[in-house]
Structures are given as C-alpha cells and as structure tokens.
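Dear colleague,

Please find below the structure that I am handing over to you. My findings follow directly after it.

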Amino acid sequence: MRVFLTGATGYVGAVVAEKLLQNGHRVLGLARNETSEVRLRERGIEPMLGDLTDLNSLRAGALDSDATIHTAFGHDFANYDKMVENDRAAIAMFIEALAETTNPLIATSAPAFLGDTGDKIADENYPIDENSPFAARARAEEDIVRADEKLVRSVALRLPFYVYGRAASSFVPFLINQAKQHGAAYYAGDGTQRTSAAHVEDVASAYVLALEDSNARGLYNITAESPSNREIAEAIGELLSVPARGISFDEARKKFGAMTGFLTVNNQISSEKARRELGWTPSAANKILDDIKDGSYRQLLES
C-alpha cells in the first residue's frame with residue numbers, strides 16, 4: 001500500500017515509517033520544511049511539504065494514498081488545548097476526505113485523560129476523567145472512533161505515557177536532564193504510582209498490524225509494562241550515579257512544570273484487546289528499566 005504518514009520525522013512516526021518500508025509498503029511522509037524533505041528522501045520516503053495546520057495538504061496526501069497513519073502531535077504541553085484543537089481539525093479533514101474512499105485511518109491517542117487510575121488497570125471502556133486537564137484529547141479520540149459512522153475504517157491507538165527506546169521519548173530524556181541538573185533523580189511522594197510503557201519499536205509494529213488487518217477498527221490500548229515512578233527514577237539514578245529522591249507533590253510541580261500531570265499519577269492501561277484482536281506481541285527483551293540503566297539511554301551520558 002501507499003501510506004500517507006504524518007509525523008514521519010518524529011519519534012514514533014519515524015519508526016512507523018521504517019516498519020512500513022520493511023513490510024513492503026510505500027510511504028508518503030508529511031515534511032514541515034526542506035530539511036525534513038531531505039531527511040525523508042534519504043530514508044526512502046517520498047516527502048510532501050506541509051504541516052498539521054495545512055488542511056489542504058492533509059487532504060491531498062490522504063486522497064493520494066491507500067491509507068493514512070496519523071502520528072503527529074505537538075509537544076508544547078503548556079499549550080495543550082491548542083495542540084488538541086489542531087489535532088482535531090486534522091482528524092476531521094482526514095475523515096471528510098476518506099469518507100469518499102474505502103481507505104483506512106490509523107490515528108494516535110494517549111491515556112492522560114483517564115486521570116489517576118489508582119490501583120485499577122484501565123481497558124478501552126474505562127471512563128474519562130472529565131476534570132482532567134487533558135480531557136480535551138478525549139474528544140479527539142472519540143472523533144477517530146466515530147469515523148466508522150461515516151464508513152471510514154478507523155483505528156485509534158492509545159499509546160502509553162512512556163514510549164521509550166532509541167535514546168529518545170517525551171519523558172525519559174527530560175527526567176535524565178533533570179537529574180543531571182539537580183544531582184538527583186526525583187519522584188513525587190513515595191513514587192509508588194504506576195505508569196504505562198512500551199518500546200517504540202513495539203509501538204510502531206501496532207500501527208502496521210492495525211493497517212494490515214482489515215477487521216481492525218475502534219480503540220486499542222498499547223502498553224507492555226507498568227513500572228513505578230520510583231523505579232524509573234532509580235534506574236535514572238543508576239545510569240547517572242546519582243541518588244533517587246522522593247519530593248513533595250508541590251516540589252514536583254515546580255520541578256516538572258507542564259510535565260507534572262504525566263509524572264506524578266497512576267496511569268495503567270491494559271493492552272489485552274490489542275494482543276487478542278491485532279496479534280500484537282511486544283518483545284520480552286524490551287524493558288524500560290534495562291534500557292535506561294544499560295541500554296540506549298547511555299548515549300545521553302555525555303550530552
């Protein structure tokens with residue numbers, strides 16, 4: 001298939017592109033500038049100039065392909081609602097365009113709007129926390145799932161807080177840099193809050209499975225393990241040879257800033273549905289604590 005891919009130069013999207021090419025698909029990648037165009041061509045990806053706010057380009061890319069995979073999302077967490085607004089506009093354009101075809105849409109979501117799940121492991125029916133500061137993104141997820149009403153085969157992949165590996169991610173490098181700066185790896189409270197995690201290569205495989213399975217539709221949680229915030233801090237401490245230290249939630253808000261809502265709560269999700277229906281099987285060799293202590297993140301020691 002020819003696949004239109006947003007976020008093709010991003011952390012998750014780049015690995016999705018790699019997996020698609022390995023499976024014999026052709027990739028049309030959205031490129032924000034000439035530098036991105038060059039990077040995509042070097043990887044065997046056909047570039048198309050545009051960004052998430054250029055709805056005409058999004059429509060053209062979707063209609064010029066056999067499927068659309070949407071991995072792009074802004075990372076300006078201080079302006080989260082604006083990022084979601086842009087995301088919803090892009091999703092709406094994809095649905096409108098693909099309603100004229102039989103082409104699928106595979107798009108990205110995240111579980112932050114479930115709030116603090118406590119000791120529960122949330123499946124796809126777990127209720128949204130409408131008081132969550134991230135609740136706006138639940139509406140984007142609903143847009144994806146409801147595209148089926150417009151005869152678009154749509155899949156929403158709800159990724160874990162910690163997509164990790166290859167010395168990158170949203171949160172691990174942030175926490176490593178914090179620990180470098182302060183001489184300690186911090187966690188909030190007693191650090192027993194459990195989060196969700198999956199290696200970026202396993203996450204990318206889920207997109208390809210959802211694309212290639214014509215029966216796949218609706219929402220799927222994607223996660224492989226549930227480390228605690230303290231365990232992550234201790235792994236970072238071991239990497240950097242600094243102590244792991246618990247701090248108050250007020251202190252955590254000062255240190256973590258816009259990241260606080262992700263780094264101080266329980267947020268466990270179940271991937272049983274994805275394993276059962278998509279045949280998604282994360283690699284047993286990919287473990288976040290091992291990757292931090294003695295894996296890809298060692299590359300960040302000198303940065």
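A8 sits in the loop that joins β1 and α1; helices (H or I, at least four residues) and strands (E, at least two) are DSSP runs, numbered from the N terminus. The model is a predicted one, in which local features need pLDDT of at least 70 and side-chain atom pairs count only at pLDDT 80 or more, while totals for chains, interfaces and linings use all residues. Residues are numbered from 1 along each chain as its sequence is written, and side-chain values use heavy atoms, with hydrogens and water left out.

A8 counts as buried because its relative accessible area is 0%; buried means under 20% relative accessible area, exposed over 50%, and partly exposed in between (1.4 Å probe, protein chains only). Not counting residues up to four places away in sequence, A8 touches G13, A14, G29, L30, L40 and R43, where contact means heavy atoms within 4.5 Å. A8 and I69 are 61 residues apart in sequence, yet their C-alpha atoms are 9.5 Å apart in space.

In what order do the strands of the open sheet run? The 7 strands follow the order β3-β2-β1-β4-β5-β7-β11, with parallel pairing; two strands pair if DSSP finds at least two bridges between them. The edge strands, β3 (46-49) and β11 (218-221), each pair on one side only. Neighbouring strands of this sheet are turned by 20° against each other on average, direction ignored; axes are lines fitted to C-alpha atoms, for helices over the stretch in contact, and angles run from 0 to 180 degrees between N-to-C directions. Strand β2 (residues 26-31) pairs with β3 in the parallel sense over 4 bridges, and A31 stands opposite L49 in β3.

Two helices may be described together with the sheet. Helix α1 (residues 11-22) lies across β1 (2-6), β2 and β4 (67-70), and runs at about 170° to β1. Helix α7 (residues 200-212) packs on the sheet and touches β1, β4, β5 (105-109) and β7 (154-158), its direction making about 145° with that of β5.

Leaving out residues up to four places away in sequence, N267 touches residues including P111, F161 and R194.

Yours sincerely
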